Amino acid sequence: MPKLCLLNSQRPLQLVRCFGSTGGNKSLNLPENDTIKSLSSRDKQFFSEVEKLRSSLHYDPPVLTKGFYPTAITNKGVFIGSSYFEFPSQPLPQLHASAVLDPKHFCRISAAPNATINGSDAAQRLIRGKRHFLKTIRKETNDEANQDVQKIYLLRDHGVPNQLLQHHLRIADSWLYQQGDVYELSVKNVFDTIHYDSMLIRSGDGSSLVKVWPEEWKDDMELYFTVMNRITTALSSILSENEGLSQLRLKQWNVYARRDMVLPPQLLSEGTEVTPVVEFDHLKGSAGTISIRLQNNLAGDERPISIVFVGTFDTKQEILEKELF
């Protein structure tokens, strides 16, 4: 929060208050109620004005937390240029996306003490936060000096309960098991529609076959698709050729569940929660992709399981506002 000093040479020194320092100094509090009662009416009005000003302050929560930037990733290790590392030195950078994925949380963490998380002040903070988020991540993903590294991040503040992410992984595990404990199962939409009707199954020996998507799996698939579509569409503005906040249209998507890790565990933060990993890719022409990777943490006797969503967006076709409802 920027440092704000209220100075008035006509008032006693004790009326000078500076708060919200970015230098790490402790903020000075306003007088307690008992102290205010003993002040003159003029000074009471002054402190009232300061309190109103303080309550309207905001700050922009961080968008990026730096981390390990690989140029290529396998499920066993990473590359930086031509150098291979089996054990990355630190997790991936973190993308804090509450401004576009969890507005209520953003309004709460961006508010100064005693400020409201509702109303016009909160709405203005949210719009400012969305613009700050998009400006920061667009600069990051379009940085020509770092085009050789993957634009891949741990996704934070996404608003999806951890229990739901764990459910997606358990369902993916059951899909593979019900097909004979195969290595991989993939499905994609019919181009330019949300419909799908078949899946490609790959066994560990490399053989493959196509099957009809089971009717009893549709509810779980639609729940997973709804969550992934919400995240990727909300983030799609990053790929847009325009500077506004408009979201892009999802043109094609594919999903694959795999009996394996898709990322080295060292790239993820320690802990028991499932952490979505998001990657942005600006393709040639008028398309860009956003992928969301989920994988389990191999707690106890768990076997590895991953599920990946890849959405392809038309960077020149925005969604009309009325289509978002």
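Visitor: In this model, how far does helix H5 reach from its first C-alpha to its last?

Guide: The model is a predicted one. Helix H5 covers residues 119-141, which is 23 residues. At 1.5 Å a residue the expected span is 33 Å, and the reach from the first C-alpha to the last is close to it, at 33 Å.

Visitor: Which residues have the most contacts inside the largest nonpolar core?

Guide: In soluble globular proteins, nonpolar side chains tend to be buried together. Here the largest nonpolar core has 56 residues. Helix H7, residues 218-235, gives the most to this core, with eight residues. Those with the most contacts inside the core are Leu95, Phe133 and Leu235.

Visitor: Which residues is phenylalanine 133 in contact with, leaving aside its neighbours within four places in sequence?

Guide: Phe133 lies in H5 and is buried there, as are Gly129 and Ile137, among others. Contact requires heavy atoms within 4.5 Å. With the sequence neighbours left aside, the partners of Phe133 are Val63, Leu95, His96, Ala97, Ala99, Val100, Leu235 and Ile238.

Visitor: In which sense does strand E12 pair with strand E15, and over how many bridges?

Guide: Strand E12 spans residues 248-258, and strand E15 spans residues 306-318. Within this pairing, asparagine 254 has valine 310 in E15 as its bridge partner. The two strands pair in the antiparallel sense, over ten bridges.

Visitor: Which residue in E12 stands opposite serine 186?

Guide: Strand E9, residues 184-188, pairs with E12 in the antiparallel sense over five bridges. The residue of E12 opposite serine 186 is tyrosine 256.

Key:
Residues are numbered from 1 along each chain as its sequence is written. This is a predicted model: local features need pLDDT of at least 70, side-chain atom pairs count only at pLDDT 80 or more; totals for chains, interfaces and linings use all residues. Side-chain values use heavy atoms; hydrogens and water are left out. A nonpolar core is a set of buried Ala, Val, Leu, Ile, Met, Phe, Trp, Tyr and Cys residues joined through side-chain atoms within 4.5 Å. Buried means under 20% relative accessible area, exposed over 50%, partly exposed in between (1.4 Å probe, protein chains only). Helices (H or I, at least four residues) and strands (E, at least two) are DSSP runs, numbered from the N terminus. The expected span of a helix is 1.5 Å times one less than its number of residues. Two strands pair if DSSP finds at least two bridges between them.
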